[in-house]
Amino acid sequence: SSQTLIRAGNHLMGYLADRNFPVTRPVVPGKHGTIFRLEDANGRVFFASVYEQAPGEVLPDEDEIHLPARELKLLIERWGRLAGSFHRLCEDYPARYRRSFPHWSDEDLIWQAHRYLPAGQETVLKRIASLRARFDQFEVRRTNFGLVHGDLHHGNFSIGPQGGLCLFDFDSCMVTWHMLDIACPLYYALPYPRSRVEERASFAPFFLDH
C-alpha cells in the first residue's frame, strides 16, 4: 500500500541521515509517526509526510541541464559519489526493512503488460519477454544489486552553497541493479528533443566518464 511504501521510505531516509548521508529527514508530526492521513470532501484518502527543507537550490525542472562544461563535470562527479555512497550504505540496510520495497521483477505494468496492452501487440510482448530473459541472466552480487533510489535525476537533489548535494524524493526506491541509478539520471540529462542525435551521442560518454 502507499502507506507501507511511504513508511519504508521514511525509515530509509532516517537510516541514511543517521549515517551522515546528505538527505532530508522526515519530520515526526506526533503520535501517528511520520505519515499524515488526509481525507477530502469526497471521502478520498491521501497519505503524506513532511520533511526538513533541503538546503540550497534545485536545478530548473527541465529535460536538460544548462551549465558550463566545467560546472557540469563537477556536478556529475558529485552526483556519482552521491549514488555510490547511497548504494554502499544500503548494503548494510537490514533485510527486514529492505523487504518493504518492491523488487524489480514485481513491476506490474512491464512484466504483466499482456494484461494492459490491446490485442495485436505480439511484437511488443516478445520484446518484453526478450528483455526479461536478458535481465534474468544478469549477475547479482551484494556490490551491484540492492536498494536503489530509482529516480535519481537532477530534479531530486538540491545543490548547497558549497556544491554539496542533498537527496530527496524516495517514492521510487526498489530492489534492483545499482546501474538503474546511472541509467535514470543519464536519461533525464540527455539533450532534448531526441532529434538532437549527435549532441546526445556525445553527451552520453561525457556523463558516464565523469
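How close do the axes of helix 2 and helix 6 come, and at what angle do they cross? In this predicted model, the two axes come within 10 Å and cross at roughly 150°. Angles over 145 degrees count as roughly antiparallel, so helix 2 is roughly antiparallel to helix 6. The crossing of the pair is right-handed. On the helix 2 side, the contact involves Trp79, Ala83, Phe86 and His87. These residues meet Asp181, Pro185 and Ala189 of helix 6. By class, five residues of this contact are nonpolar, one is polar and one is charged.

The C-alpha atoms occupy a box of roughly 55 × 50 × 40 Å along the principal axes. The chain has 210 residues, of which 36% count as buried. Contacts between residues at least 6 apart in sequence were also examined, and 68% of them join residues at least 24 apart.

Helix 2 also packs against helix 1. The axes of helix 1 and helix 2 come within 11 Å, with a crossing angle of roughly 100°. This value lies in the range of 65 to 115 degrees, and the two helices are therefore roughly perpendicular to each other. The contact of helix 1 with helix 2 comprises six nonpolar residues, no polar and no charged ones.

From helix 2, Ala69, Leu72, Lys73, Ile76 and Trp79 take part. From helix 7, Phe203, Phe206 and Phe207 meet them. Seven residues of this contact are nonpolar, none is polar and one is charged.

In soluble globular proteins, nonpolar side chains tend to be buried together. The largest nonpolar core of the model holds 42 residues. Within this core, Leu12, Leu16, Trp79 and Phe170 touch the most other members. Elements that give two or more residues to the core are helix 1 (2-18), helix 2 (69-90), strand 5 (145-148), strand 7 (165-167), strand 8, helix 6 (180-189) and helix 7 (197-209). Helix 2 gives the most, with eight residues. Leu16 illustrates the packing in detail. Beyond its neighbours within four places in sequence, Leu16 is in contact with Phe21, Val23, Phe86, Leu89, Cys90 and Phe170.

Strand 8 spans residues 174-177 and includes Val175. The relative accessibility of Val175 is 9%. Buried means under 20%, so Val175 counts as buried. With neighbours within four places in sequence set aside, Val175 is in contact with Arg98, Phe101, Pro102, His103, Trp104, Phe145, Gly146 and Leu147. Of these partners, Phe145, Gly146 and Leu147 fall within strand 5 (145-148). His66 is 109 residues from Val175 in sequence, and their C-alpha atoms lie 32 Å apart in space.

Conventions. Residues are numbered from 1 along each chain as its sequence is written. This is a predicted model: local features need pLDDT of at least 70, side-chain atom pairs count only at pLDDT 80 or more; totals for chains, interfaces and linings use all residues. Side-chain values use heavy atoms; hydrogens and water are left out. Helices (H or I, at least four residues) and strands (E, at least two) are DSSP runs, numbered from the N terminus. Buried means under 20% relative accessible area, exposed over 50%, partly exposed in between (1.4 Å probe, protein chains only). Contact means heavy atoms within 4.5 Å. A nonpolar core is a set of buried Ala, Val, Leu, Ile, Met, Phe, Trp, Tyr and Cys residues joined through side-chain atoms within 4.5 Å. Axes are lines fitted to C-alpha atoms, for helices over the stretch in contact, and angles run from 0 to 180 degrees between N-to-C directions. Angles under 35 degrees count as roughly parallel, over 145 as roughly antiparallel, 65 to 115 as roughly perpendicular and the rest as oblique. A crossing is left-handed if the near helix is turned anticlockwise from the far one by less than a right angle, and right-handed if clockwise. Ala, Val, Leu, Ile, Met, Phe, Trp, Tyr, Cys and Pro count as nonpolar, Asp, Glu, Lys and Arg as charged, and the others, Gly among them, as polar.
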